[in-house]
Every structure is written in structure tokens, then in C-alpha cells.
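Subject: Structure handover

Hello,

Please find the structure below, followed by notes on what was found in it.

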Amino acid sequence: MSQWPSCKAKRVLAALLKTGWNMKRQTGSHKTLSKPGWGDYVFAFHDDDEIGPRMLARISKRTRLKLSDLTSR
């Protein structure tokens, strides 16, 4: 069982932006995020999409997002 809860995509995107990722460009719903020293990451979700625990774990693996980044306001 994953430690990650499911949550809305806009909440995940806000947490990524807060942790140092920047919006590089956007094409439709695909947002390319960049962070110095890291490769680009394509965030391909609509704001109201519910992202499940497995996908959040995959996002975390690529971006080093932590559970505490999602829960802190």
C-alpha cells in the first residue's frame, strides 16, 4: 500500500511550483516544468483531475516531491 493519498492535480502542481519547479512552457494541458540541475518534467494533467497514489509515487520519483509538500499549506 502506498503512503500517498489521491489528490487534485492543481494541488500537486502548486506543491511542485512551491518546491522550486518553474513552468517552462505549456501546450494544451501539458505543462513542462524545469528546475536547475534537473531534467524537464512534463506534467500532463488538467486541474480537476484526481491523481491516484501510484501516479503520485511516480511523480515523486522524478521530482523528489515529498508527502509533506502536499500537506503543508
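**Salt bridges and surface lysines**

Lys8 is partly exposed, with a relative accessible area of 37%; the classes used here are buried for under 20% relative accessible area, exposed for over 50%, and partly exposed in between, with a 1.4 Å probe and protein chains only. This is a predicted model, in which local features need pLDDT of at least 70 and side-chain atom pairs count only at pLDDT 80 or more, while totals for chains, interfaces and linings use all residues. Residues are numbered from 1 along each chain as its sequence is written, and side-chain values use heavy atoms, with hydrogens and water left out.

There are two salt bridges in the structure, the term meaning a side-chain nitrogen of Lys or Arg within 4 Å of a carboxyl oxygen of Asp or Glu. In one of them, the side chain of Lys8 meets that of Glu50 at 3.8 Å, N to O. This pair links distant parts of the chain, with Lys8 in strand β1 (residues 7-8) and Glu50 in strand β5 (residues 50-51), 42 residues apart. Helices (H or I, at least four residues) and strands (E, at least two) are DSSP runs, numbered from the N terminus. Glu50 is also partly exposed, at 47% relative accessibility.

Lys24 and Asp40 form a salt bridge through their side chains at 2.8 Å, N to O. Lys24 belongs to strand β2 (residues 22-27) and Asp40 to the loop between β3 (30-34) and β4 (41-43), so the pair ties together parts that are 16 residues apart in sequence. Both ends are partly exposed: Lys24 has a relative accessible area of 46%, and Asp40 has 33%.

Lys10 is in helix α1 (residues 9-18) and is partly exposed at 48% relative accessible area. Leaving aside residues up to four places away in sequence, Lys10 touches Asp47 and Asp48; contact means heavy atoms within 4.5 Å. Between Lys10 and Asp48 there are 38 residues in sequence and 6.8 Å in space, C-alpha to C-alpha.

**The sheet**

Three strands make up an open antiparallel sheet in the order β2-β3-β4, where two strands pair if DSSP finds at least two bridges between them. The edges are β2 and β4, each with a single partner strand, so one side of each has no neighbour in the sheet. On average, neighbouring strands of this sheet are turned by 30 degrees against each other, direction ignored. The axes are lines fitted to C-alpha atoms, for helices over the stretch in contact, and angles run from 0 to 180 degrees between N-to-C directions.

Five bridges join β2 to β3, and Asn22 has Ser34 in β3 as its bridge partner. These two strands form a hairpin with two residues between them, and Gly28 in the turn has a positive phi of about 65 degrees. Three bridges join β3 to β4; here Lys31 stands opposite Phe43 in β4.

**Helix α2**

Which residues of helix α2 (residues 53-63) are buried? They are Leu56, Ile59, Ser60 and Thr63. Seen down the axis of α2, these buried residues fall within an arc of 100 degrees, so they line one face of the helix; the arc is that of the directions from the helix axis to the C-beta atoms. They pack against β1, α1, β4, β5 and α3 (67-71). The face turned away from the buried side of α2 carries the exposed residues Arg54, Arg58 and Lys61. Just after α2, Arg64 takes a positive phi of about 65 degrees.

Regards
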